[in-house]
Structure formats: structure tokens, C-alpha cells
Amino acid sequence: FWLPVRSGIVEGLQDIACVATEGGPAKPLDCALRGEDPVSNWVPDPLLAEACCMHFVAAEGPSSREALRHLGVRTFGYAELVGCLRHQGGSWMKAMFLDGDSRSGFFSDVFGSLADAVRADSSCLVELQSLEIFPVEGSTSDDVTFSTSVGLYTGLSGAVPESWQQPFVRHLHRGLELSAHGWKLLQLLGLGPIGESELEELALQHALASANAAATEFVDLRTLWSALAVLRRSFLFGHSVSRPWEELAGAFLLPSTSGHLMSPQALSLRSFLGVELRLPRVVVNILHSFAGLPLVQDLPLLERVASPKLEPHGQDWNLGWEVFLHFLGCRPLDPMGLDAMESYFEISAQLGNILSTSAFWLRAVDSEATIAYVDYALGHHVSAGSGQGSMICRWLHHLPVLWVDEYITLADMFLHEVFHGIGGERLAYLRDVPSTPRIHGLLQQVGVSHRVDQQSLLKVLRWLRNRNVEDMGLAADIYGRLHDLGFSNPGDEEFILVPGRSYMHADDCTWHPFRVALLSRCCRSAPLAESYGRFRPSVQDALQRWVRASPEGSAGEICDALLQAIACARADPGNPHRLSNKDLVMPDVAARGLFAAAKSAVEMLAQLCLQDDSQGNVTFDYFVQHRMIVIPGIAGDGDDSSHCRLLLMGEAFWSVEPSLRQLPCAAWSLEANYGSSEAIKHFFTVVLRVRETLSRERLQQTLDASRRRGGLASSAGSGDGAAGTGSAVEEGLDLRALLEAPGAAGQEEDFDLDHAVAAACQRARGSRLPDDGLERGSDAPAAARDMAPRAWRRSGSLGGITVFSVDGQPPPQVQRPDMNVLRRVCAAFGLAVGQIAFAFDPTGRCVCEENLFLDLARIPRASSLVSPGSALIFWATEVATMVAHQGTGPAINERLLQVQADLLAHALSGLLQSDAQIGAGSGGHAEQSSGEPSWSPGGYSGGGSSWSSGYAGQSGGYGSQSNFQDAHGTWAAHHWQSGRH
């Protein structure tokens, strides 16, 4: 009964607005229940009314929901949701996306509801694929558009820079965050991040499409460059794409600098091995003008490919584009050919620093395409013997490289793994380079040494020589290695390291020295046995093969050494003859050994001239130009073995006739001095053409000619020689010995003591402290100065007095002397304390030969004296010696002692008298208002003298504490721990 009644009631209510909705009363078929799906809670009633012509029921309860269903009210579901999403082109979704607070929840619920619908009915999947409900990024991250799922990716590839993918890869907006329920829809649609191979195929499609559309449509260059960048990466990594790479070489169009898309064959590259040309042509022309080169004109060259409109990525950005674009057909730059005018300077300035890094070679070897291009660009394919190949090699070898803080060339560099065991840290290395034959071939092309051979070892020697590296162990090791490799001839280069003389030619070296010490010291050639005799046999064998065995086998070497020994013996002691890179030979030392050296030289020359006439010609040329025949001192010269005479060939004679054998001239004969062997006689009389016998007639002619010229200082030969002037080595023969008694010449003149004392005082009082440097020398005879000049340098101060030392060597640590005593003593001699200095010579040599120096090493002796009077006398004696040298010179002789005694007598007179006056005061504290008395030549003068200013005005008696300022003070500038006392 009731079922028909119920059906009739429901049917009658269908057309009656009997349901209360959020939009007011509505018919049951125009209403919808929100139900349990959370997405319905995001749908506003007005949107549902506009999109689906329905309203949401106002209030839902379990009982009312059942009744409404019986009336035909539907629950909000898939169809209604799709209707809302499509309404007004998806304006609802766009608005919700822009609401950042609701974005994630909204899209998660929407995508989750759609996923549930697909699982319930798979036929919905087709419709969903056409819905533009997926937010994707536009050109910027703030720009959003909605897309279908076709060709959509949830994210970009992590292997490729995002900036390359963004222009042509559609992907979900990165600002969209979904719940796991929302991600179900993307999984059902098969969406995910784009893979590397998919990205490469997509890039290929865009690049090909740009080439096809270039003639009729606008091409977005950013998208094109992005696609090409992805393809560049794929090519460098050796990846495969859907079409063979060989087919793609001419399939693309590339942007040019003029803005047009052009075929790669019509374009040239804009960089060379990573060096991009950036200088404007006007700057290039300025450089050309400065260098005197022709200006760059508008030459009919290929237009250059444009610079990629992308942010550089990776260290080999330019090089990678070169490799890829060259493969596509672009012509590479040729800095030595067609492009030299415009690119040579810029590429040459930068390429060396690129090729000298291990990173370049490590990345090059990772890609077969890159290493093949580097091989091509460096001209390795060109024969090294051809003109072009040689030109490329020379250019590459001279490319500048910044090494440490200086510029070197590529050809100066060595492979670290190979040469570090030889050169240590002394060489310029290319480190961590892949050890492959191909890389080694390219390193050889650019000039980097990669294997140990003769050329590379010689290159090491050149590097060491150019940087003044004098490491004998390293040099010896290289010589041994060269010998093991069969090297036999150093040629004209300076490859032989000689200690103290740097690197020398092999022709300038010998293995053994002269056996005579003086000749060895004066020989320009460097003996090697002493330095290299301690090294392994291969080192010694190498050097003995390269250099001469001894200088004694060369007439030129013997004559030159003798000539240098003569120059050393004849030199002024104050300005000795200096041999290049050799120890100084003082004149007296050379003079003492000169005759012995000359005799040995003659013996060697005599044997050489007998064996080889050419040696005789060399010898004659030396002797005819110089006085080189040496005879020792003769009668009248005393017993001084250092006294020698130098004769020309025309002045010398081999022997005298019997009637002259009792005269002094017999001692001048070469036979008497050099022996009577036939070889020696042949040398003098045949090779040098010396007169064989001096006759009485010839001797008389010589004496007569000398008298007519006004003296007897002529020689027995030409008569134009000059007698000596006090030097140990003189020219010619002193014929006065024939007429005068021995010792009659050269008597010493009388010594004027008063003049010497006055001169000493005058020079001392007018002197000042010297500058750092060598001693100036002295006017004393050479015999008085048998030691080399010293180099004095300031080393600090002591008690306010400057301290000098030889060559700046650290002086010993000593106590400060009693400055009151020094002031009094200096004042007594008319000196100011500022005029004197302390000095230290570690050899113990007198320090006051030339300057007003007191010996620093004497201070401990003065400090050990207990009596104040003893210290006063001690320093007075030291100062007297110092001043006396100013009048007599550096020699310590009877004259010096006389002047010292005279100075000391006058100075002590005043000092002791003053000391007595001080001691007579009350408690030793007498007042001194007029200063210390001082002495001047001629007598004693009282206090107040201008020379006593160093002590004037001091108060307190001798020895009072007020006058001992820091009596135990030490060095002001240095604290040395060792020294000589």
C-alpha cells in the first residue's frame, strides 16, 4: 500500500523547489551533496552554480542525506569537478595557484580526487589528458601557465644545467608541492622528471625545427642556444641521438654576429682553444700600430658565429663550443694564418696559461671529440718538417706562461712526473697530466718536455744557467745521464758548471789545472778535477770527454796564464789586478812566485814548440806584443826573491861572451836563469828569436846610448826600457848595476818625526767615519801592504759608538766599555767620540790601518783591568796607535812606533795631570768647568780647547756612578752568541 504512495510523493516533488541549498530553495535534481571527498570543500557554491547549474545542500545530516538521495539529489563527484576545472578557462585553478597559502592543499585534493576517479573508471584517463590543469613555469619562475599532461614532465634533469632546459622543457611549476595522494594522479598519467636521453631528443627536435622555420617564422635564439648547449654536451660525452651525428653536421642553422641564422660552413669560430676574441678592432689596430704592423682592414673573411646567449657553465665553456661547432662545420680560427692579423696578439697572450694547466689536459682527455680537436688546433696533424709545421711549433714554444712571479715560455716547462726526480723543485713543472701517448705527443708539440733524453737534459741545464742555479750535485747528475745517453759534444753553449764562476764553455775548462800554483790561480780556464773528482765515474768520464785534459797542452793557455800572473805582480797593491771570477792574487804574492811560474811556463812551451810549429807561432805572437821574458833579481837588487824584471825579446840574450862573464850582466842571461838545455835554448833563440850571445861591443853601444839619453836605466836591447819605480816587478835591465856598487841606489830618505806627528794629528782631527765599502788603499809601498783591502760594513752600535765589521760579519758579544774613559782619552788627542768607531776583523788583523777604528776584540782586555788608571793608559795606547797610522800608513814598523811613542807621551802627560787634579778633590767629586786638557803637536794645552768638546761640561769625578751610564750594557742593535775575544 505504502510503496506506491511513496513513489508518487517523490515523483511529485521533482519539480518543486523543496530542498534548502546554500543558494536558496532548489529542485532536487538541481542540488548536490558535498559528500566525503575533501575537494568539494574547496568548491564555492557560486562556482558550482555557474559551472554545473547546481547548488550545494545547505545542511547535511545522516538522516536528511538519505532522504535527499531518495529525492534524486546527487553527491558532488568527478563530472562536477571537471566542470568546475574547465569553467572560464580554468580561472578557478589560476586563482587558487596564486594563493600561496592554499596552493598545496588545493591541488593535492584536486589531483587526489581525479586519481580516485581514474582508479574507479579508467575511461576517465583519456579525458584527463586533455585537461589543462597542470601549472607549468613560463619564461620566469613568477610566470605560470596551465598545460595538459601531454609532453609534460614533473621536473628537469639533474645532469644538465636548468637554465639550458627551461626554454624548451615543459615541467610542473617548482612552486607546486603535492601530497602523496595528489602525486597518484601524476603516476597514473605516467608523468615524471625528464631523462637525459629524452632531453637530448627534445633538444634535437627544437634545433631541427628552428632550422626548418628560419625562413618563415621567428626563431627564439635563447631556445635555440639552449637546445644546442644540450646537444653540445651530448656530443662531447659521446652520447648517441636518434640520428647519426655525421648526418647532423650540416643540418642546423647557427646564429651569426650579424643576427642571422646561417649555415655552419659559412661561419668561423670566435675562440681558439678556449681563448675568446674580445678586443675591438680599434684596439687591435692600436697594438698593430705600436708594433709597426699593418692595420687590420675589413678583409673578406667568413663571418663569425655569435656568442651563446647563455651563462657560461664549466671551465671549458669556450673550448666545448669550439669542439662542437667545428664538428658542425664552422672553420676554426687560425692565429698563424688567415686570422693572424686580428687574433695573434690576443691568443698569444692567453693561450700559454691555458696549456700549462693540468686541468686543461685532464678534461681534454675525458672526451675523444675534445682531444681530437685539440690535436687538430695545435697543428699536430701538420708535418713538423714542413714550413707551416715549423712555424706553428715555434709559436707554441714561445707562448708566455705566468710561473710564480715571472713569465716563462711553454718550452721552459717539464712534466712533473718525469723530471721531479732529476730537478727537484728547481724546474717549472706541468703537473698531474694523463700519461698517455697521445697527450705526450701534444706536449711535445707545445714544447713541454715529457721524457728524459739528450735534448730535455740540455734544456734543464739551460734553465739552471739562466736562473744562476749553481747546484753541483744536480749538474753532475745531468752530466752523468748525458754520458749514459751517448752525448759527446756540448758545442758552443755554456753548459759546464764551475763553482764560483757559474756556467762556462767546454773550451774554457780543463780537467786538470796547471801544476804551478801561480799559473793555476792566473789561468782563465777552469779546472774541474778538484770539484767533480768525487762524483761517479760516468760524470768524470763525461767531463773528461768534453774538456781538455790540461791547460799545459796549449801554448795560448800557458802564455795567457803567464801574462795574467805578470799583470797581478805589476799591479798597485791598492788596486790589485782582478781576474774574472777568480780569487784575488795580491801583487806581492804574484811577484814572489813569478819567476818560478815563468820558468815552468818556458819549459812547457819549449816542449810544445818542438812538437808543433803552430804552437810556436801562437807563443811568438804573445811574446812580441808583451814583456813576458822574466828574469829574477840581480846584483844590486838584494836578496829579495820577489824582485823580477820583464824583458822584451829584443832586450833579452841567451848568453854572454867569455870576457863578460865576470860582469853583472852575466847574471841577466837566459842561460844562467833558465838552464842550458837544448829545448830551452831552441825556444828562446829560434822560436822567440832572442840574441844568442851578448858581446862586449854590443854592451858598450847600449851604455853609450843610455848616457846620451841622460840615464842608465835602459836595456841591453833596444834601449827604450824604463827602470823600476820601487815596484817588485820592473821593466827592462837596470844598467846602473854595471857602474854602481850594490845597494847604492834606492837609499831611504831621512825620516822627519815632527812632520809625521803633525800630519797624523791633522789627518785624524779632520777625519770622519767612512761609508760602507772597500778600504781606499794607502800610499805606502806595496811591500808594506801584503793583504787584500777589506770591505767594512756597519753592524750596530756600542755605547753610542758605531761598530764596523769585515763584510758585515756578526761581531762577538762584549760589555760596553767605560765611556767616560774613552771620552777623556779622545779629548786628550783632540778627537770627538763621534769621529771614532769600534771595528771587528775575525782574522785578527789590525783594524786601524786606514780608519779611526778601535779593535772591538780588545774591549774584554780593557774591562779586566782593575785600576782605573790602567784602563786610561790602555785606551790611550790604543788611540795613539790608531792616530799614528794616519801619519805613517798601514805598515807596522819603526816609524809607526816612533810616532806612537811621541803621541802617547804628550797625551798621557795631560791625562795623568788631569787625573791627579780630579783625585785631589773632595771624595773624588771635583767640579770640572773647563773640560779635559788636550794636546796638539808642539806641546800641551790646557782645558777649554775646542778639541775637548766630547768631555766638556761633565760633572763628577772619575769613576763616579753618574758617569757610568749602563756600564754593563750590551749591544744596541744585535746580540751575537759567538765571537772571538
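## Salt bridges

Arg 481 and Asp 477 sit four residues apart in helix 22 (residues 472-484), so about one helical turn separates them. Their side chains form a salt bridge, with the closest N and O atoms 2.9 Å apart. Arg 481 is partly exposed, at 28% relative accessibility. The model is predicted.

The whole structure holds 34 salt bridges. One of them pairs Glu 22 with Arg 34, at 3.1 Å from N to O. Glu 22 lies in the loop between strand 1 (19-21) and strand 2 (24-26), and Arg 34 in the loop between strand 3 (31-33) and helix 2 (45-52), so the pair ties together parts 12 residues apart in sequence. Glu 22 is partly exposed, with a relative accessible area of 40%. Arg 34 counts as buried, at 15%.

Arg 858 forms a salt bridge with Glu 878; the closest N and O atoms are 3.2 Å apart. Arg 858 is in the loop between strand 31 (853-855) and helix 34 (859-863), while Glu 878 is in helix 35 (residues 868-888). Arg 858 is partly exposed, at 33%. Glu 878 is buried, at 17%.

A network of salt bridges links Glu 775, Arg 790, Asp 841, Arg 845 and Glu 849.

## Nonpolar cores

The largest nonpolar core has 114 residues. Leu 273 is among the members that touch the most others, as are Trp 361 and Tyr 532. Helix 11 (residues 221-236) gives the largest share of this core, nine residues. Apart from this core lies another, of 62 residues, including Cys 522 and Phe 684.

## A hairpin

Strand 14 (residues 400-403) and strand 15 (residues 406-409) run antiparallel, joined by four bridges. Leu 402 has Tyr 407 as its bridge partner. Two residues lie between the strands, and Val 404 takes a positive phi near 55°.

Note on methods:
Residues are numbered from 1 along each chain as its sequence is written. This is a predicted model: local features need pLDDT of at least 70, side-chain atom pairs count only at pLDDT 80 or more; totals for chains, interfaces and linings use all residues. Side-chain values use heavy atoms; hydrogens and water are left out. A nonpolar core is a set of buried Ala, Val, Leu, Ile, Met, Phe, Trp, Tyr and Cys residues joined through side-chain atoms within 4.5 Å. Buried means under 20% relative accessible area, exposed over 50%, partly exposed in between (1.4 Å probe, protein chains only). Two strands pair if DSSP finds at least two bridges between them. A salt bridge is a side-chain nitrogen of Lys or Arg within 4 Å of a carboxyl oxygen of Asp or Glu.
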